[in-house]
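Welcome! Here is a short briefing to read alongside the model.

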Amino acid sequence: MSENQKHRRDMTRRRALVAGGGVVVAAGIGVGAVSTASAGGAAGKKPAAKPTTGEACYRLTSETTEGPYYIDADRIRKDITEDREGIPLTVRLKVIDSDTCKPLRAAAVDIWHCDALGIYSGYESLSTGGGGGAPGGGTPPTGTPPTGTPPTGTPPTGGPGGGGGGGHEEPTDDKRYLRGTQLTDKHGYVEFRTVFPGWYRGRCVHVHTKVHVGGKMTASGYEGGHTCHTGQLFFAEAAVLDSAKVAPYSTSTTERTTLDDDTIYPGNGAEGGLLTLTYPKGKIAKGVVATLTMGVDPDETHTGTSA
């Protein structure tokens with residue numbers, strides 16, 4: 001790391017907004033709403049109050065592996081659900097320059113993730129998921145739905161049915177559900193409508209994301225420029241356990257890897273991509289809102305292919 005990069009990182013760290021952790025009843029979002037805070041801190045504390053202008057800066061959001069199942073963005077859309085069943089999920093992201101703290105306008109933000117049973121579009125034949133067979137063929141495990149206990153032993157590497165790394169795989173089908181791209185508005189925001197992701201062996205529940213800058217919209221999608229951020233968005237354990245009680249998640253026979261045991265999650269709260277989640281207490285099936293401010297360096301290139 002260069003001295004300049006270290007200086008930028010240290011400066012943004014000093015300006016970082018640190019919210020409380022744990023599952024709490026969030027003030028200002030209505031009685032009975034559950035909110036999971038996105039940064040580290042003592043469990044049970046309420047999220048910090050709305051930041052002032054001087055507190056709105058975040059550290060650089062952690063870079064992670066792209067994973068094997070990325071497909072270049074050609075679906076510019078807000079609703080990426082298509083025909084997939086699951087708990088409604090709204091993902092609201094704000095992208096800012098981690099050095100200046102100013103919002104990035106017209107940056108292209110991709111998100112992609114598996115469905116409620118761990119299947120990725122474009123790679124259905126390679127996805128073992130959580131509702132078909134056990135990884136590697138064999139008989140699916142029986143018993144109650146996942147309770148948060150991680151699988152034992154060393155998980156395999158790769159994509160669904162394995163860890164979170166591996167090289168890029170070419171698509172095996174033309175499905176594109178739960179994938180999409182949007183341009184940030186003048187305030188740096190994008191919003192997607194999708195479904196709460198499920199899980200597959202070796203990985204906790206997550207959503208992949210990329211941020212591209214310097215390109216332009218064409219008839220074929222967003223082209224040119226460079227990728228300044230490749231990361232993953234993560235979900236608090238309490239919310240994932242709540243989702244596991246709801247069909248079709250409750251039909252999954254795959255053991256679930258917890259957030260703490262995941263091999264990709266950096267373990268650093270909002271900086272590492274941990275989302276703030278809000279939903280009606282005891283009624284997660286009605287829908288979840290997930291939010292995060294991502295600090296990126298638009299001058300850097302991070303493709304996530306060498307992580």
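This is a predicted model: local features need pLDDT of at least 70, side-chain atom pairs count only at pLDDT 80 or more; totals for chains, interfaces and linings use all residues.

Residues are numbered from 1 along each chain as its sequence is written, and side-chain values use heavy atoms, leaving out hydrogens and water.

**The sheet**
- Strands (DSSP runs of E, at least two residues, numbered from the N terminus) S5, S4, S7 and S8 make an open, antiparallel sheet in that order; two strands pair if DSSP finds at least two bridges between them.
- S5 (179–183) and S8 (221–234) are the edge strands, each with a single partner, so one side of each has no neighbour in the sheet.
- S4 (residues 108–112) is joined to S5 by five bridges, and Ala108 stands opposite Leu183 in S5.

**Aromatic pairs**
- Seven aromatic pairs are counted, where rings of Phe, Tyr and Trp (its six-membered ring) pair if their centres lie within 6.5 Å, with planes under 30 degrees apart stacked, over 60 edge-to-face and the rest tilted.
- Tyr69 and Tyr123 are stacked, because their ring centres are 4.2 Å apart and their planes at 25 degrees.
- Both Tyr69 and Tyr123 are buried (under 20% relative accessible area, with exposed over 50% and partly exposed in between, using a 1.4 Å probe and protein chains only).
- Phe196 and Tyr249 form an edge-to-face pair, 6.3 Å centre to centre with 85 degrees between the planes.

**Charges over rings**
- Arg84 lies over the face of Tyr177, 3.8 Å from the ring centre; the rule asks for NZ of Lys or CZ of Arg within 6 Å of the ring centre and within 35 degrees of the ring normal.
- The charged end of Lys210 sits over the ring of Tyr70, 4.9 Å from its centre.

Notes: Helices (H or I, at least four residues) and strands (E, at least two) are DSSP runs, numbered from the N terminus.
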